[in-house]
Amino acid sequence: FDIFKLSNKIHDLKYLKISTSLIISILQKIKIKKDNLGVKYDNVKIKYANFVFYNPLTIVIYGKNLDKLPKTFKKYIHSFFSFSLNLQGVFLNIIFK
């Protein structure tokens, strides 16, 4: 591996522009998987998400009663976004509001 190529790739990913429509489509996939898994959390509703900051990459997810989501499902959402956006090696911050 060429360490400089890898660091340039990670640097470019840090400043990647992510459209809101792409984030919402990924969020829809998460909602479908949640329903298919039979995951039901005390009237939790995920409404929409948007991209807010570049450094660190920050996505805000809006919804109802998101504070009742368990840490395991929040980690699943984080992993799903990282995998879907191909952000291996880049810190991704997800805020639930």
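Student: How many aromatic pairs does the structure hold?

Tutor: This is a predicted model, in which local features need pLDDT of at least 70 and side-chain atom pairs count only at pLDDT 80 or more, while totals for chains, interfaces and linings use all residues. Residues are numbered from 1 along each chain as its sequence is written, and side-chain values use heavy atoms, with hydrogens and water left out. Rings of Phe, Tyr and Trp (its six-membered ring) pair if their centres lie within 6.5 Å, and planes under 30 degrees apart count as stacked, over 60 as edge-to-face and the rest as tilted. By that rule, the number of aromatic pairs in the structure is 3.

Student: Are the rings of Tyr-48 and Tyr-62 stacked or edge-to-face?

Tutor: The centres of the Tyr-48 and Tyr-62 rings are 4.8 Å apart and their planes stand at 25°, so the pair is stacked. Helices (H or I, at least four residues) and strands (E, at least two) are DSSP runs, numbered from the N terminus. Because Tyr-48 lies in strand S1 and Tyr-62 in strand S2, the pair ties together parts that are 14 residues apart in sequence. The arrangement of these two rings is therefore stacked.

Student: In what order do the 3 strands form the open sheet?

Tutor: Two strands pair if DSSP finds at least two bridges between them, and S1 and S2, which run antiparallel, are joined by 7 bridges. The pairing in the open sheet is mixed, and S1 and S3 are its edge strands, each pairing on one side only. The order of the 3 strands is S1-S2-S3.

Student: Which residues have the most contacts inside the largest nonpolar core?

Tutor: A nonpolar core is a set of buried Ala, Val, Leu, Ile, Met, Phe, Trp, Tyr and Cys residues joined through side-chain atoms within 4.5 Å, and the largest one here has 23 residues. Helix H2 (20–36), strand S1 (45–53), strand S2 (57–64), helix H3 (71–84) and strand S3 (92–96) each supply at least two residues of this core. The residues with the most contacts inside it are Ile-59, Ile-61, Ile-77 and Phe-81.

Student: Is Ser-82 buried or exposed?

Tutor: Ser-82 lies in helix H3, and, not counting residues up to four places away in sequence, Ser-82 touches Leu-87, Gln-88 and Leu-92 (contact means heavy atoms within 4.5 Å). Buried means under 20% relative accessible area, exposed over 50%, and partly exposed in between (1.4 Å probe, protein chains only). With a relative accessible area of 14%, Ser-82 is buried.
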